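Here is a walk through one protein model. Keep the sequence and the structure in view as you read.

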Amino acid sequence: MISIQEKYIKQLSNLNWENGFNPEVTKVERLAFFAELIAEKNESVNLISRRDVESIIENHIFISSYITKYIPEKCNNFLDIGTGGGFPGIPLAIMRPK
């Protein structure tokens with residue numbers, strides 16, 4: 001049986017491949033772990049729409065991480081004001097830890 005994190009890693013890998021995006025494996029694993037944490041916490045606190053839990057990778061994690069493809073490498077400062085659930089801030093921080 002496939003774990004939820006393995007499922008998320010596979011979904012992220014497929015979306016990355018389909019969009020010509022190739023982040024490091026450790027970053028994909030961290031994004032999958034973050035998705036798992038959000039899905040678990042969402043059972044008790046409404047961080048994202050309950051309907052979105054099944055599509056958390058495509059609708060939240062992937063989109064939030066993919067935008068780093070368009071942010072210049074020398075840009076190291078971001079301001080995340082009340083986005084709720086940590087989107088896009090935490091996926092951005094995973095992709096660009098500096």
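Start with charge. The protein chain carries 11 positive and 12 negative charges, and their mean positions are 6 Å apart. Lys and Arg count as positive, Asp and Glu as negative; His and the chain ends are not counted. Each charge is placed at NZ of Lys, CZ of Arg, CG of Asp or CD of Glu.

This is a predicted model: local features need pLDDT of at least 70, side-chain atom pairs count only at pLDDT 80 or more, and totals for chains, interfaces and linings use all residues. Residues are numbered from 1 along each chain as its sequence is written, and side-chain values use heavy atoms, without hydrogens and water.

Now the fold. The protein chain has four helices and zero strands. Its pattern along the sequence is α-α-α-α. Helices (H or I, at least four residues) and strands (E, at least two) are DSSP runs, numbered from the N terminus. The C-alpha trace spans about 40 × 30 × 20 Å along its principal axes.

Next, packing and surface. Of the 98 residues, 37% count as buried (under 20% relative accessible area, 1.4 Å probe, protein chains only). The protein chain exposes about 6,500 Å², with 55% supplied by carbon and sulfur atoms; the area comes from the Shrake-Rupley method with a 1.4 Å probe.

Finish with the rings. The whole structure holds four aromatic pairs. Rings of Phe, Tyr and Trp (its six-membered ring) pair if their centres lie within 6.5 Å. One aromatic cluster is formed by Phe21, Phe62, Tyr66 and Tyr70.

Terms used:
Buried means under 20% relative accessible area, exposed over 50%, partly exposed in between (1.4 Å probe, protein chains only). Rings of Phe, Tyr and Trp (its six-membered ring) pair if their centres lie within 6.5 Å; planes under 30 degrees apart count as stacked, over 60 as edge-to-face and the rest as tilted.
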